[in-house]
Amino acid sequence: MLDMYLKTPKTIQRLRSGPSGQYMDGFASLLKEQGYPYTTATKYLRSASHFGWFLRHRKGAVSSINDETLAAFRRHLTRCRCPLRHGGKAIHHTQYGAKLFVKYLRDIGIIRRQSANSAQDTELPVIVAFRKWLQTHRGAAEATLKQYCRSAALLLDHLGSDTSRYDAKNVRDFFQQQASQISRSSTEKLSTSLRAFLRYLSIHGDCETGLDRAIPTVACWRLASLPRCLTATEVQRVLDSCDGDSPRGIRNRAIILLLARLGLRAGDVAGLRLSDIDWQNGTVLVVGKARCEVSLPLPQEIGDAILKYLECRPRVETDRLFVTTIAPFRPFQRGDSVSSVVKGVMRRAGVESPRKGAHILRHTAATEMLRQGCSLYQIGAVLRHRTIDTTAYYAKVDVALLKQVAQPWPEVIQ
């Protein structure tokens, strides 16, 4: 497989005869399968060979490669004088190529997989059980799990692991101490997380009943401001900035339409699967928060944009609708990827807004539906709000109408 990227027999023979030689053809096949372009794949193959010689110089075995080996190779590159050395600007490619090569060796079983050095490896049993409970009974997303478990671990670290000794005073004191050091939005998240954890402990008899009520309510007047949204002209500018000829531009246009016309969340778009689209009935199945499923109509404009995207979509073994346009081609894993797409498109379109993520397009969709005469109940159904109170946030959008119905301030009679 090396001859797909390297044409000189001498170079091919040198790479095959080196310390990494027996794995080079398989690594080249992987790069081809994942869609890496010729120039990038060639750099990574040379990096794998370089890494093999570095390992031999250290008298290390391939099976003993670990994260420290990669860190040592990274340090070596800054002062490298090897015959295979690259220019300073290529250090990043050399380092990443070696990392990708090590991952390939792990995937084929040459290197034993290491346990991920993450917070989950050192979590207390009560945190592990809490995480599992949130997944099973609440359908919590990964970001929610991290937030809730981080807050629970912080509480245990400050008040101790014996939760049966917790009382309202020490819980409230802990919360107020933390709230004095963080922003209001972070305080809201901490409040919600701690209440959920304390309710979980109470259900299982591990703490005093009703202890969650010891967490003070954070003042947040959610309906005090107008929703931030884009105008119809700005939305069109955003759509026009998507290059209709490139695969990335075609994909981005489909994403923007789903957000701006159907009001989907970024996570909803990232989670869309090919099987979720019912072309015969013209609907799309959306799996939202808490695994709530709802079937929404698929407008012609959005359907045409998705069909055009499918014609140039990279061929990858995944049923996720949206994937990256740069190798290795992978499906969008989180809503952050969708928000990054929106930020980039808005920046190219020259659209300025206090919020530049995907959520502003959700607000835009709701606002436009209200201006078209849809009721709050209809808007809430499309946006999948659990209560009408959430949808009421958009009732103040039509400022011109509010001015017509507003009553004058009563005159004071002297």
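Modeller: Start with the link between strands S2 and S3. Five bridges join these two strands, and they run antiparallel. One of the pairs is Leu285 with its bridge partner Ser295 in S3. Strands here are DSSP E runs of at least two residues, helices are H or I runs of at least four, and both are numbered from the N terminus. Strands pair if DSSP finds at least two bridges between them.

This is a predicted model, in which local features need pLDDT of at least 70 and side-chain atom pairs pLDDT 80 or more, while totals for chains, interfaces and linings use all residues. Numbering runs from 1 along each chain as its sequence is written, and side-chain values use heavy atoms, without hydrogens or water.

Now the other side of S2. Strand S2 covers residues 283–287, and two bridges join S1 to it, again antiparallel. Ile277 has Val284 of S2 as its bridge partner. Together the three strands form an open sheet in the order S1-S2-S3, with antiparallel pairing. S1 (277–278) and S3 (293–297) are the edge strands, each with a single partner, so one side of each has no neighbour in the sheet.

Look along S3 next. In a regular strand, side chains alternate between the two faces of the sheet. S3 shows this: Val294 and Leu296 point to one face and are buried. Buried means under 20% relative accessible area, exposed means over 50%, and partly exposed lies in between (1.4 Å probe, protein chains only).

Three strands are set among 18 helices in this chain. The chain has 414 residues, and 42% of them count as buried. Take contacts between residues at least 6 apart in sequence: 59% of them join residues at least 24 apart. A contact means heavy atoms within 4.5 Å.

Helix H2 is worth a close look. H2 spans residues 21–33, 13 residues in all. Its end C-alpha atoms are 19 Å apart, close to the 18 Å expected at 1.5 Å a residue. The expected span is 1.5 Å times one less than the number of residues. Which residues of H2 are buried? They are Gly21, Tyr23, Met24, Phe27, Ala28, Leu30 and Leu31. These residues cover an arc of only 160° around the axis, so they lie on the same side of H2. On the other side, Gln22, Lys32 and Glu33 are exposed. Helices H1 (9–17), H3 (38–57) and H5 (91–107) are among what covers the buried residues. Just after H2, Gly35 takes a positive phi of about 85°.

H5 follows on from there. Its 17 residues should span 24 Å at 1.5 Å a residue, and its end C-alpha atoms are 24 Å apart, which agrees. The buried residues of H5 include Thr94, Gly97, Leu100, Phe101 and Tyr104. The buried residues of H5 pack against H2, H3 and H4. Ser47 gives a view of this from H3, where it sits. Ser47 is buried, at 1% relative accessible area. Leaving out residues up to four places away in sequence, Ser47 touches His93, Thr94, Gly97 and Ala98. Just after H5, Gly109 takes a positive phi of about 90°.

H5 gives the largest share, 11 residues. H2, H4 (67–77) and H5 each supply at least two. Pro328 lies in the loop between H13 (300–312) and H14 (335–349). A cis peptide bond joins Ala327 to Pro328, with omega about -5°.

Last, Ser164. This residue is in the loop between H7 (142–159) and H8 (168–179). Is Ser164 buried or exposed? Ser164 counts as exposed, at 54% relative accessibility. Ser164 and Cys207 are 43 residues apart in sequence, yet 4.5 Å apart in space, C-alpha to C-alpha. Beyond its neighbours within four places in sequence, Ser164 is in contact with Asp206 and Cys207.

Technical notes. Arc of directions from axis to C-beta.
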